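Please look over the model shown below.

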2 protein chains.
Amino acid sequence: VILERVQLLAKENDLLFPLNFGAKGSAQIGGAISTNAGGLRVFRFGMTRSLVLGLEVVLMDGTILSSLKKIIKDNSAYDLKQIFIGSEGTLGVVTKAVLKLSEAPRSRNSAFVGINGFQNVVQFLKFTDKELAGTLSGYELIWNETFQKMTTPPSLSKAPLSYDYEYYVLIESLGSDQAKDHVALENLLEGALGESIIEDAVLAHTDSDLDWFWKIREDVHVIVSQCAFDQHFDISVPIPLIGKMIADATKKLKEVDGVTDVYPFGHIADGNIHFVIGKENDSVELKNKINDIVYGPLMAIGGSVSAEHGIGLHKKDYLSLCRTPEEIAVMKSLKKAFDPKSLLNPGKVIEINL
Amino acid sequence: VILERVQLLAKENDLLFPLNFGAKGSAQIGGAISTNAGGLRVFRFGMTRSLVLGLEVVLMDGTILSSLKKIIKDNSAYDLKQIFIGSEGTLGVVTKAVLKLSEAPRSRNSAFVGINGFQNVVQFLKFTDKELAGTLSGYELIWNETFQKMTTPPSLSKAPLSYDYEYYVLIESLGSDQAKDHVALENLLEGALGESIIEDAVLAHTDSDLDWFWKIREDVHVIVSQCAFDQHFDISVPIPLIGKMIADATKKLKEVDGVTDVYPFGHIADGNIHFVIGKENDSVELKNKINDIVYGPLMAIGGSVSAEHGIGLHKKDYLSLCRTPEEIAVMKSLKKAFDPKSLLNPGKVIEINL
């Protein structure tokens, strides 16, 4: 089943399946589970791992490991499904799942906010989280250059704020009363302006405003399409360190011969930054140079080469930057135990000696 | 570190560590992680599994498996910590952890509600979840007889509602504005009364009301102390089936020679029911008879013999009622792989041939 179909089926029953990301129109739910997909609402609802109650997995030896119970809590010995969620199909194949749905929210409000200084981005996150207590569902950060690119032609979206700020935050609250929650968000923004945490803000007043705001953030393709070649990242960094880490990396990347553009953005409440880097050619040398700049600092600051996209093929060589030799050794024993001939999604994530 | 100390340290820093249960004054945080402890706020914040960002585990061969990163999202290959969380110390020993804290809520409101008919208990849960959108943090159910026992001497707590109703629900909301959230809860209760979902309700107006209400629910000892011998349960059942399952089991239990009392209560929003069963003697025969009545129906309705307390020694014989032979076989291979001589918490959870 395609994720978007699950979302629609939930909606038709006045429920919400909160998992939501750009590729929702093509991503299979089994794939989302295998990769522990994240996306735009992780801050409130968690990764896919948190949304799976039961799982059926087929193992390499033909065993059907089936646990499709519709219960929320189950501490009856080892929680085996956790092993397969996020293992990218290398330990078993997900064939069925019981998903956790939520009550459909009755209100949805969003605002675009202009902020200077990364410490204010963090401050505003804490401020918003506290004020919206439980209803904050999205906190997306877009760096100035990325925001400009996302809101000038060929993008079809206009900019809802001037280009005067270092950072643009798109927030979403899902609540129970459209009018009240709208006022609450308005008051919150006035409070943050009053305390000089933020510089400017614009609220979505209509559904078409909501579409407009979220289209800006979701249409990453408009950036990619303007780069001759492009390279993407999905790193995870402790939130307070993001500002400096990205500023440093951007500066270094721009000095590299062949790099034309650097566009950071991300799910900042989860510490997850995506990068689109435009480049003149597709050479391995340039690719590795860019990888080294972005992945280089991660070990020292306790980050990860993949927050949500997984390791697959491309990040395999960089796994040791965020996993210890002991961790990788245990991963290899797991792989060996579940797939001794390495036939499941071969060559991905982790390699074992046959 | 004791859980209560973690809660206090978080509070001193204007933060919240949401894990909360009766034994918070004696439970070690490492134990809570090893058992994937649940408790009173799972509905909103999840089990312990959701509150652990990083973990250090010592394996049987002396390997220190250390992943103490302070990041929320990390899909860099297999999420090994998931294997150890909830494995009750049988696969490795948890020695350090990075915990996920939340912003401290600015408001806390609670109400006791009287309800007739289990379908109304479910209806009121959905109603409350929708109305309180994201701020509902607790939804505890107490059956009539249990409520009476919890609010008559030797209990020091008075009953906040008359004994006329089948079910008593204690709800908690954690929000951002004490006055506004109080009014919101008041309106919600009026709405539910108007729609005849609930029969009666009383709001906590002061901090001492809050203490009063929660003491009733948390003081399970007052029940236990009045039984000559007692037997406890921690089952998980799909929410819509709880009413009938508990009614049937209670009826059967009361017909058993030697059973004196049956007191069900639980974290109903998570499908988790606890039972305290009073009995005249401590015989194995009586114990097994009681176990058979409570655990018997679980397989057919897709329940679990342990929602949050784990398997340990006492539930080992009943594991096959909620796990398939294939699941148990895979659990044994895991145990064999991580602890081939069965030296870690020996005899608990799962047994392997040496």
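## Chain A overall

In chain A, buried residues account for 59% of the 354 residues. This is a predicted model.

Chain A contains 13 helices and 12 strands. Its radius of gyration is 21 Å, close to the 20 Å from the globule rule for 354 residues, so chain A is as compact as a globular protein of that length. Along the principal axes, the C-alpha atoms of chain A fill a box of roughly 60 × 55 × 35 Å. Contacts in chain A were also sorted by sequence separation. Among those between residues at least 6 apart in sequence, 71% join residues at least 24 apart.

## Helix packing

| Helix pair | Axis distance | Angle |
|---|---|---|
| Helix 5 (residues 118–132) and helix 7 (residues 178–194) of chain A | 11 Å | about 145° |
| Helix 10 (residues 242–254) and helix 11 (residues 284–295) of chain A | 9 Å | about 160° |
| Helix 10 (residues 242–254) and helix 11 (residues 284–295) of chain B | within 9 Å | roughly 160° |

Take helix 5 and helix 7 of chain A, whose axes are 11 Å apart at an angle of about 145°. The crossing of helix 5 and helix 7 of chain A is right-handed. Helix 5 of chain A contributes A:Phe124, A:Phe127, A:Thr128, A:Glu131 and A:Leu132 to the contact. Helix 7 of chain A contributes A:Leu185, A:Leu188, A:Leu189, A:Gly191 and A:Ala192. By class, this contact of helix 5 with helix 7 of chain A has 7 nonpolar, 2 polar and 1 charged residues.

Next come helix 10 and helix 11 of chain A, which pack at about 160° with axes 9 Å apart. That angle makes helix 10 of chain A roughly antiparallel to helix 11 of chain A. Their crossing is right-handed. Which residues of helix 10 of chain A meet helix 11 of chain A? They are A:Met245, A:Ala249, A:Lys252 and A:Leu253. Their partners in helix 11 of chain A are A:Ile290, A:Ile293 and A:Val294. The contact of helix 10 with helix 11 of chain A has 6 nonpolar residues, no polar ones and 1 charged.

In chain B, the axes of helix 10 and helix 11 come within 9 Å and cross at roughly 160°. Helix 10 of chain B is therefore roughly antiparallel to helix 11 of chain B. Helix 10 of chain B passes helix 11 of chain B in a right-handed crossing. From helix 10 of chain B, the residues are B:Met245, B:Ala249, B:Lys252 and B:Leu253. From helix 11 of chain B, they are B:Ile290, B:Ile293 and B:Val294. The contact of helix 10 with helix 11 of chain B divides into 6 nonpolar, no polar and 1 charged.

## Backbone details

Most residues other than glycine have a negative phi, and most peptide bonds are trans. The following sites depart from that pattern.

The peptide bond between A:Pro153 and A:Pro154 is cis, with omega about 10°. A:Pro154 sits in the loop between helix 6 (144–150) and strand 8 (167–175) of chain A. In chain B, a cis bond runs from B:Pro153 to B:Pro154, with omega near 10°. B:Pro154 is in the loop between helix 6 (144–150) and strand 8 (167–175) of chain B.

A:Val349 is not a glycine, yet has a positive phi, near 65°. A:Val349 lies in the segment after helix 13 (325–338) of chain A. Is A:Val349 buried or exposed? At 2% relative accessibility, A:Val349 counts as buried.

B:Ser342 also has a positive phi, near 55°. B:Ser342 is placed in the segment after helix 13 (325–338) of chain B. Its relative accessibility is 14%, so B:Ser342 counts as buried.

A:Gln7 belongs to helix 1 (residues 3–12) of chain A. A:Gln7 is buried, with a relative accessible area of 17%. Leaving out residues up to four places away in sequence, A:Gln7 touches A:Phe17, A:Leu19, A:Asn20 and A:Lys24.

B:Asn13 is in the loop between helix 1 (3–12) and strand 1 (15–16) of chain B. B:Asn13 is exposed, with a relative accessible area of 53%. B:Asn13 and B:Glu103 are 90 residues apart along the chain, and their C-alpha atoms are separated by 9.5 Å.

Terms used
Residues are numbered from 1 along each chain as its sequence is written. Chains are lettered from A and ligands numbered from 1 in the order in which they are written. This is a predicted model: local features need pLDDT of at least 70, side-chain atom pairs count only at pLDDT 80 or more; totals for chains, interfaces and linings use all residues. Side-chain values use heavy atoms; hydrogens and water are left out. Axes are lines fitted to C-alpha atoms, for helices over the stretch in contact, and angles run from 0 to 180 degrees between N-to-C directions. Helices (H or I, at least four residues) and strands (E, at least two) are DSSP runs, numbered from the N terminus. Angles under 35 degrees count as roughly parallel, over 145 as roughly antiparallel, 65 to 115 as roughly perpendicular and the rest as oblique. A crossing is left-handed if the near helix is turned anticlockwise from the far one by less than a right angle, and right-handed if clockwise. Contact means heavy atoms within 4.5 Å. Ala, Val, Leu, Ile, Met, Phe, Trp, Tyr, Cys and Pro count as nonpolar, Asp, Glu, Lys and Arg as charged, and the others, Gly among them, as polar. The radius of gyration is taken over C-alpha atoms; the globule rule is 2.2 Å times the number of residues to the power 0.38. Buried means under 20% relative accessible area, exposed over 50%, partly exposed in between (1.4 Å probe, protein chains only).
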